[in-house]
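This briefing accompanies the structure shown below.

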Amino acid sequence: MTGESRDGSRAAAVDPSVPDGPGPDEAAADGPVTDGSVVDGPATDGLATEGPVAEGAFTDGPFKGGPFEGGPVPRPGRGAVRRTVLRTVPAVLLTAVAVAGPWLAPHATDRPVTAPYAPPGTDGALLGGDQLGRDILSRLLAGGRELIGTSLVVALLVTGLAALLGTAGALRPALGRAVERTADVLMLLPAVLGILLITLSWPDGGRSAVITAAVALGVPYAVRLVAGAAAPVAATGYVEAAVAGGERLWHLVIRDVLPNLRATLLVLFGLRFVAAVYLVATAGFLQVGPQPPAADWALMIRENAPGILLNPWAVVAPSIAIGLLAMSVNLAADALAPRTGRKAVPVL
């Protein structure tokens, strides 16, 4: 039934079985929307407001804010920690053995203990003798420390220079174009030719010449990678706000951009360490770095290559050591790189 009010308007009949006010499944038309409710109309704050809430977009409780800023960061499980440890331990053990190798060597590295190219087990030489009858195992243990130290210095210098130049180039386009053009020219230089040009023209040669050559050959590749990773960060709002606020270039590079490239720089360090190992080993094989009778893995390969059929371990053992060092450090750097597990979830 319908009734007429005092002002003459007609009111709709009210069913007593229907409760007064909005139902539990309806959103209130007036007043603020309560947490977790779904309303009709345009979406607000990036969350779906019509239909089911998008997966991963929490609207209430301790995970309010979803997988974006504001939500708790999930901790890595035991399986992830175990995999990280397993991928890191080989590099740590190999590095420790190489560093402590000179004290672990059973014989002197510069004195013959058996016949030249003696087979393994002769006169107490576990891996046999080299071209002068020196113990291969002792020279293998003592020959990795200089290689690891030189490669570590090269990787640190390359990563540091590339981080500064690449980030500065992303923030200053004119500087970035100049850096990229220079890097393109240097990338055309073959590695072996670059090593020979720099080391043979360097006064007295030595490890300083090898380090300079390896840095000059490694920076161009690393700069391009850092510049590509820094470009999206340089275009973010907070960096633009810092630029508009008058912050200097060094402040933008050190405080605003580089902290967001930790994972990229750590992986880059692993890659550059591997590349440095190969470049330093190449220099040693060409005898433009360490000179005989120094114990060096690359130099051992060069010196004992003529007798590989008499005692293969004189060449195979240092080759395996170089390969294991490169692979283990690369795996460790990749395992230690922080995982940015937060990914934007599109709202349907």
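Of the 348 residues of the protein, 35% count as buried (under 20% relative accessible area, with exposed meaning over 50% and partly exposed the range in between, for a 1.4 Å probe and protein chains only). The model is predicted, so that local features need a pLDDT of at least 70 and side-chain atom pairs count only at pLDDT 80 or more, whereas totals for chains, interfaces and linings use all residues. Residues are numbered from 1 along each chain as its sequence is written, and side-chain values use heavy atoms, with hydrogens and water left out.

**Overall make-up**

- The protein has 12 helices and 2 strands, taken as DSSP runs numbered from the N terminus (H or I of at least four residues for helices, E of at least two for strands).
- From the N terminus on, the order of elements is β-β-α-α-α-α-α-α-α-α-α-α-α-α.
- Among contacts (heavy atoms within 4.5 Å) with a separation of 6 or more, 64% are between residues 24 or more positions apart.

**Confidence**

- The mean pLDDT of the protein (the predictor's confidence in each residue, from 0 to 100) is 77, and 75% of the residues reach 70 or more.
- Residues 1-19 have a pLDDT below 50, and this stretch has 9 contacts in the model beyond near neighbours in sequence.
- Residues 21-71 also have a pLDDT below 50, with 53 contacts in the model beyond near neighbours in sequence.
- Where pLDDT is low, the predicted coordinates should not be read in detail.

**Helix packing**

- Helix 1 (residues 78-99) packs against helix 12 (residues 313-336) at an angle of about 140°, with the axes 8 Å apart; axes are lines fitted to C-alpha atoms, for helices over the stretch in contact, and angles run from 0 to 180 degrees between N-to-C directions.
- That angle makes helix 1 oblique to helix 12, since angles under 35 degrees count as roughly parallel, over 145 as roughly antiparallel, 65 to 115 as roughly perpendicular and the rest as oblique.
- Helix 1 passes helix 12 in a left-handed crossing (the near helix is turned anticlockwise from the far one by less than a right angle, clockwise being right-handed).
- The residues of this contact between helix 1 and helix 12 divide into 11 nonpolar, 3 polar and 2 charged, where Ala, Val, Leu, Ile, Met, Phe, Trp, Tyr, Cys and Pro count as nonpolar, Asp, Glu, Lys and Arg as charged, and the others, Gly among them, as polar.
- Helix 4 (residues 145-171) and helix 7 (residues 207-234) pack at about 35° with their axes 6 Å apart, and helix 4 passes helix 7 in a right-handed crossing.
- The contact of helix 4 with helix 7 comprises 21 nonpolar, 4 polar and 2 charged residues.
- Helix 6 (residues 191-201) and helix 10 (residues 262-285) pack at about 60° with their axes 10 Å apart, which makes helix 6 oblique to helix 10.
- Ala191, Val192 and Ile195 of helix 6 meet Leu279, Thr282 and Ala283 of helix 10, a contact with 5 nonpolar, 1 polar and no charged residues.

**Two buried residues**

- Thr199 lies in helix 6 and counts as buried because its relative accessibility is 4%; beyond neighbours within four places in sequence, the contacts of Thr199 are Gly205, Ala209, Val210, Ala213 and Val288.
- Ile136, in helix 3 (residues 136-142), counts as buried at 0% relative accessibility.
- The C-alpha atoms of Ile136 and Ala295 are separated by 9.7 Å, although the two residues are 159 residues apart along the chain.
- Leaving aside neighbours within four places in sequence, Ile136 is in contact with residues including Leu127, Asp130, Met300 and Trp313.
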